[in-house]
Amino acid sequence: MTLRVPKAELPVELREIMIKQLGTVPEPVEVLWNNPQLAEDNQEFSAKVATWDTADASLKTFAHMAVAAQVGCSWCLDINYFHALNQNLDLTKASQVPRWRQSEVFTPLERDVMEYAEAMTNTPTTVTDELSARLLDRLGPAAMVELTVFIGFANFATRCNTAHGITSQGYSDACEIPLAARPQNFGVASTA
């Protein structure tokens with residue numbers, strides 16, 4: 001896939017910060033910079049989302065990866081493998097998220113979180129009262145609200161990236177995570 005919107009030139013200082021933090025400039029930032037105000041607002045909101053800490057970081061990362069696998073956003077999977085490494089998350093589990101239903105490494109709570117992420121991603125959504133109640137019981141209201149909004153943000157990011165034609169930039173190459181084979185229907189939204 002090729003970019004559907006050209007990259008815009010970033011201010012030198014921002015480019016240098018991105019390279020220092022990540023080793024390269026993320027393509028979503030370069031594409032969004034075609035509208036600098038929107039790009040700055042997106043970065044500000046993304047930074048705020050990253051500070052939320054009521055829900056467990058690994059649950060949120062696995063949820064984002066489940067959304068990315070379902071939507072087909074290789075960029076989001078790529079950067080989340082990188083985040084998993086830098087957040088000291090379980091890399092074996094991170095490598096298995098795209099095939100979480102077949103994998104035996106996840107806890108019941110992690111499975112429910114990924115199921116919830118997929119259910120929120122389906123169109124129309126397929127979140128059930130039972131699944132929501134199980135998560136609410138184990139997470140509590142504050143973490144449940146945070147997880148839900150975080151998954152909504154993941155849908156926003158994955159859908160924007162795929163619509164713009166943004167794909168993996170190789171962030172996961174530095175992680176040395178043995179990536180699991182993706183299911184046959186990778187990138188095809190499920191209805192279950």
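**Entry 1: α4 and α5**

I began with a helix pair and found that α4 passes α5 in a left-handed crossing. The model I am reading is a predicted one. I looked up the angle between α4 and α5, which is about 155°, and the distance between their axes, which is 8 Å. Angles over 145 degrees count as roughly antiparallel, and α4 and α5 are therefore roughly antiparallel to each other. I then listed the residues that touch. From α4 I noted Thr61, His64, Met65, Ala68 and Ala69, and from α5 I noted Cys76, Leu77, Asn80 and Tyr81. Sorted by class, this contact of α4 with α5 has six nonpolar residues, three polar ones and no charged ones.

**Entry 2: α7 and α9**

Next I took α7, which covers residues 108-121, and its packing against α9. The angle here is about 55°, and the axes lie 10 Å apart. I wrote down that α7 and α9 are therefore oblique to each other. Their crossing is right-handed. On the α7 side, I found Val113, Tyr116, Ala117, Met120 and Thr121 in the contact. They meet Met144, Leu147, Thr148, Ile151, Gly152, Asn155 and Arg159 of α9. By class, I have seven nonpolar, four polar and one charged for the contact of α7 with α9.

**Entry 3: two loops**

I turned to the backbone between helices. In the loop between α7 and α8 (129-139) I located Pro124. The peptide bond that joins Thr123 and Pro124 is cis, with omega at about -5°. In the loop between α5 and α6 (91-96) I located Asn88. Asn88 is not a glycine, yet I read a positive phi of about 55° for it.

**Entry 4: the largest pocket**

Last, I looked for empty space. Rolling a probe the size of a water molecule over the atoms shows where such space is left. The volume of the largest pocket is about 1000 Å³. I asked myself which residues lie nearest the centre of the largest pocket. They are Ser46, Ala47, Trp75, His83 and Phe153, out of 38 residues in the lining.

Sorted by class, the lining of the largest pocket has 25 nonpolar, eleven polar and two charged residues.

Methods:
Residues are numbered from 1 along each chain as its sequence is written. This is a predicted model: local features need pLDDT of at least 70, side-chain atom pairs count only at pLDDT 80 or more; totals for chains, interfaces and linings use all residues. Side-chain values use heavy atoms; hydrogens and water are left out. On a 1 Å grid over the protein atoms alone, a cavity is a set of points where a 1.4 Å probe fits but cannot get out, and a pocket is an open set with protein on both sides within 12 Å along at least five of seven lines; lining residues have an atom within 4 Å of a point. Grid points are joined across faces, edges and corners, and a volume is the space filled by probe spheres set on the points. Ala, Val, Leu, Ile, Met, Phe, Trp, Tyr, Cys and Pro count as nonpolar, Asp, Glu, Lys and Arg as charged, and the others, Gly among them, as polar. Axes are lines fitted to C-alpha atoms, for helices over the stretch in contact, and angles run from 0 to 180 degrees between N-to-C directions. Helices (H or I, at least four residues) and strands (E, at least two) are DSSP runs, numbered from the N terminus. Angles under 35 degrees count as roughly parallel, over 145 as roughly antiparallel, 65 to 115 as roughly perpendicular and the rest as oblique. A crossing is left-handed if the near helix is turned anticlockwise from the far one by less than a right angle, and right-handed if clockwise. Contact means heavy atoms within 4.5 Å.
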